[in-house]
Amino acid sequence: MLVNRVDRRDEIGAANLEKLFNCPVHASLPNDYFSLHRVVTLGQPLGAEGELGKAIEKLAAGMCNAVDEGKRPAPAGRETKAVLLHA
């Protein structure tokens, strides 16, 4: 599971989400409003200096390592769940 727009002050954590949806949280992307606002309004790319940029780089690196190691995604219907949560 990938959790988007995570706020440190949220009462529900990764462990609770894993229990609720019965699948592991592989990555969390923080709610970095100011970085995204700068990207949209100034047309600048998202850099790795902010929390969101760092989290995306970590996610991408993990995905690249999985491909390099020959891991394949789980077949459809098995261990794969798409859940959209919006605050």
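Arg 8 is exposed in this predicted model, its relative accessible area being 73%. Its side chain forms a salt bridge with Glu 51, and the closest N and O atoms of the two residues lie 3.1 Å apart. This pair links distant parts of the chain, since Arg 8 belongs to the loop between β1 and α1 whereas Glu 51 belongs to helix α3 (residues 51-68), 43 residues apart. Glu 51 has a relative accessible area of 43% and is therefore partly exposed, a class that runs between the limits of 20% and 50%.

Side chains of opposite charge can pair when their charged atoms come close. By the rule applied here, the count comes to three salt bridges. Another of them is formed by Arg 9 with Asp 7, with a separation of 3.0 Å between the closest N and O atoms. Arg 9 is exposed, at a relative accessible area of 70%, while Asp 7 counts as partly exposed at 24% relative accessibility.

A further salt bridge is found between Glu 49 and Arg 38, where the closest N and O atoms are 3.5 Å apart. Here, too, the pair links distant parts of the chain: Glu 49 is in the loop between α2 and α3, and Arg 38 is in helix α2, eleven residues apart. The relative accessible area of Glu 49 is 57%, so this residue is classed as exposed, over the limit of 50%. Arg 38, with a value of 30%, is partly exposed.

Helix α2 (residues 33-42) also holds Leu 36. Together with Leu 46 and Ile 56, Leu 36 makes a nonpolar surface patch of about 210 Å².

Strand β1 (residues 2-6) pairs with strand β2 (residues 27-30) in the parallel sense, over three bridges. Within this arrangement, Val 6 stands opposite Pro 30 in β2.

Methods. Residues numbered from 1 in each chain as written. Predicted model: local features only at pLDDT ≥ 70, side-chain atom pairs only at ≥ 80, totals over all residues. Heavy atoms only, no water. Patch = residues over 30% accessible without salt bridge, like charges linked within 9 Å, V, L, I, M, F, W, Y side chains within 5 Å. Areas by Shrake-Rupley, 256 points an atom, 1.4 Å probe, with all protein chains shown as cover. Salt bridge = Lys/Arg side-chain N within 4 Å of Asp/Glu carboxyl O. Helix = DSSP H or I, 4+ residues; strand = E, 2+ residues; numbered from the N terminus. Pairing = 2+ DSSP bridges. Buried < 20%, exposed > 50% of the residue type's maximum accessible area, 1.4 Å probe, protein only.
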